[in-house]
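Keep the view open beside you as you read.

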Amino acid sequence: MIRPKTSFLGAGAVLLAAGLLLGACGGGTTTAAPTTAPTTAPTTAASSGTGAGAGVAIADFSFTPADLSVKVGQEITWTNGGSASHTVTFDSGVDSGTLKAGATFKHTFDAAGSFTYHCNFHPAMKATVTVTP
Ligand SMILES: [Cu+2]
């Protein structure tokens, strides 16, 4: 017969240690004010941030977001996540050429305005980039 004769002692030691830790915490200073933490959302500045680049996802058959807002000088990256080839063709003349599946196209606007674009292969694919100063 094998008897686990130390199990109760072990559990008691753990409880004792935990009690000491809790006691130490309770008497100390309140280190962090938890109500102010959520004001800084660190990871959600991707699509319309200030300094970082913006992104448009190309799918079969749409641009997302269809209306992207960026600032002058902010780089935009289109990524073709579809299986068909697409283009990013602005009415203003900027043209990505054929973007095969997985291809990317980058463009930076240096003037404010509202710029519409479409896909040469699928005229129903339309979207807008709004550039603000
Ligand atoms: Cu297309």
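**Notes for a first look**

1. Buried residues make up 23% of the 133 residues in the protein. Please keep in mind that this is a predicted model.

2. For the overall layout, look for one helix and eight strands. Along the sequence they follow the pattern α-β-β-β-β-β-β-β-β. Among contacts with a separation of 6 or more, 47% are between residues 24 or more positions apart.

3. E1 has pairings with E4 and E2 to trace. With E4 it runs parallel, joined by five bridges; Gly-55 has Thr-77 as its bridge partner there. With strand E2 (residues 62-64) the pairing is antiparallel, over three bridges, and Ala-59 is partnered by Ser-62. E1 and E2 make a hairpin with two residues between them.

4. Next, the largest nonpolar core, which has 20 residues; those touching the most other members are Phe-63, Ile-76, Trp-78, Val-88, Phe-90, Tyr-117 and Val-129. In soluble globular proteins, nonpolar side chains tend to be buried together.

5. Which residues does Phe-63 contact, leaving aside its neighbours within four places in sequence? They include Val-56 and Ile-58, as well as Trp-78, Val-88 and Tyr-117.

Methods
Residues numbered from 1 in each chain as written. Predicted model: local features only at pLDDT ≥ 70, side-chain atom pairs only at ≥ 80, totals over all residues. Heavy atoms only, no water. Core = buried A, V, L, I, M, F, W, Y, C linked by side-chain atoms within 4.5 Å. Buried < 20%, exposed > 50% of the residue type's maximum accessible area, 1.4 Å probe, protein only. Contact = heavy atoms within 4.5 Å. Helix = DSSP H or I, 4+ residues; strand = E, 2+ residues; numbered from the N terminus. Pairing = 2+ DSSP bridges.
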